[in-house]
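Subject: Structure handover and notes

Dear colleague,

I am passing on the structure we discussed, with a set of notes to read beside it. Please open the model first and keep it in view while you read.

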Amino acid sequence: MSYFLVSVLQSFLPVALLLGLSWTARKTPLVRPMVLLSLIGFFGGSFTATHLPDSQQWALWFTGLQIALILLFLLNQFTSGSRSGYVWQFILVLVASLRWGKTPNLGAITATDVINTELLLNISAVIAGMIIVAFAGALLATCVRQVRTLRWPLLLLLALLLLAPLSGELMLALMKLQVLELTKSLLSYVAKVTNANGLINYFCGGLLLLTALVYLLKVVIPRRRARAEPRPIEHRKAVAHYQNSRRVLVMTLVLAVIAAGSQLYWDKIASQPPRLSEALPVTLNADGLVHIPIEHVKDGKLHRFVWVADDGKAVRFFVINRYPDKLRLGVVFDACLLCGDQGYVMEGNQVICVACDVRIFIPSIGKPGGCNPVPIEEWDMTATDLVISKKSLESGLNYFSTIITLEVTDPVDGSKLTNTKAEHRYNYAGKTYFFSSAANYEAFRDTPEKFIKEGE
């Protein structure tokens, strides 16, 4: 739900603010044609976007068209006709809808062909976003009608906010079509301005906050003082004006917080992948086996462990009791052949692949195939312990990429170094040795038994 709310605000909020500013120099529009034109533009643009080509030629043409429309819109602000206001209302909503409809993740509005809770929540987020956008445009217009000096600075700032990423998209399309030379400086500019799309809601929230501050100083505070009017009729009018302006101020502040806060929530919380629970370190016992008490892993929860090999490679695995009414352990690596080592999390009674969000059927854990975690072979259970051999854990080394920094000893001269900085290493008798110099490495490689103490 958060994604669709944020995407609607990113696509439509700056446009709504521009339109609100446009109407401040015109006669107050009628609600019915405004709503009708906006709905036609929204649904028409969203539907058309799904049938547009994905070619670079189209991207170039559409980006150029958007830049031209924004510049024409600014020029039109020197006129005050209501008819042109309605025309721009339709055009800008239509173009914003075309951009929103091309959002790659829009298809995730539902994962099924039936009406379900996910679909209803996501549609509700879209509707809520459009309501917020409409109110933001109307409130900005209300404020600026009473503080005229804000109109052109806000118009230019919002136009720049839209033009900056569009200029990057235009350059990128020209470079892909080999019209512009691909250079490091151009690529740097394109990356910076196109990534600024994620800042749109912060920027719009900041503009609303700035407008509210100026409105407070120029309108609300003077009207508050005007309540001291001694004549009864004028006093009641002054009180009513003050109360109205105060409501406008509060609603503008609320919308500023919603715009910036929803983006902040998405950036810091909702868009972040699930965090893996802490992995409990395990080591080999004297018998060369890892022992895990069955009592600790039979509760049906996901229990994550990590074993660190001699070379510092961290091998994660987890154990879960697959059935609530009997002991049937699943012992698997915290990785899969399809998605890599991003791991699995447990939410409620579901085990979920972090990489692709697939829900894993818990009784199937421990069986190969699909997005199931890779099974660990040759583990055993005693009356009290789950037992896993070193060989079984080593079979998972290739599934993981995390290297733990360890202090190691050069077996030739006894010097201390770390595994991550050692340039020379050699595997002998199932163990990895690290060396501080090429000479030590060659000496060990030639006669390793000379440097290994008995029992190592």
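This is a predicted model: local features need pLDDT of at least 70, side-chain atom pairs count only at pLDDT 80 or more; totals for chains, interfaces and linings use all residues.

Residues are numbered from 1 along each chain as its sequence is written, and side-chain values use heavy atoms, with hydrogens and water left out.

Record annotations

The UniProt entry, which is unreviewed, lists as "transmembrane region" residues 6-23, 35-52, 58-78, 85-101, 121-142, 154-179, 199-221 and 248-266; UniProt positions are in the numbering used here, feature names are shortened, and annotations may be inferred rather than shown by experiment. With helices (H or I, at least four residues) and strands (E, at least two) taken as DSSP runs numbered from the N terminus, residues 121-142 are 100% helix and 0% strand, with the end C-alpha atoms 31 Å apart. Residues 199-221 are 96% helix and 0% strand, and there the end C-alpha atoms are 31 Å apart. The unreviewed entry also carries the annotation "domain: Membrane iron-sulfur containing protein FtrD-like" for residues 297-400, a stretch that is 5% helix and 36% strand, with end C-alpha atoms 23 Å apart.

Helix packing

Axes are lines fitted to C-alpha atoms, for helices over the stretch in contact, and angles run from 0 to 180 degrees between N-to-C directions. Angles under 35 degrees count as roughly parallel, over 145 as roughly antiparallel, 65 to 115 as roughly perpendicular and the rest as oblique.

Helix α1 (residues 2-23) packs on helix α4 (residues 82-101) at about 170 degrees, with the axes 10 Å apart, and the two are therefore roughly antiparallel. Their contact (heavy atoms within 4.5 Å) involves residues including Phe12, Leu19 and Trp23 of α1 and Tyr86, Trp88 and Trp100 of α4. By class this contact has 11 nonpolar, 6 polar and no charged residues, where Ala, Val, Leu, Ile, Met, Phe, Trp, Tyr, Cys and Pro count as nonpolar, Asp, Glu, Lys and Arg as charged, and the others, Gly among them, as polar.

The axes of helix α6 (residues 151-176) and helix α7 (residues 184-194) come within 8 Å and cross at roughly 140 degrees, which makes α6 oblique to α7. Among the residues that make the contact are Pro165, Glu169 and Met175 of α6 and Leu186, Tyr189 and Val193 of α7. The residues of this contact divide into 10 nonpolar, 3 polar and 1 charged.

Single residues

Most residues other than glycine have a negative phi. Gln178, however, has a positive phi of about 65 degrees; this residue is in the loop between α6 and α7 and counts as exposed at 72% relative accessibility, where buried means under 20% relative accessible area, exposed over 50% and partly exposed in between (1.4 Å probe, protein chains only). Glu378 likewise has a positive phi, near 60 degrees; Glu378 is in the loop between β8 (359-360) and β9 (379-381) and is exposed at 60%.

Thr418, in strand β12 (residues 416-418), is partly exposed, with a relative accessible area of 24%. Leaving aside its neighbours within four places in sequence, Thr418 is in contact with Thr405, Leu406 and Val408.
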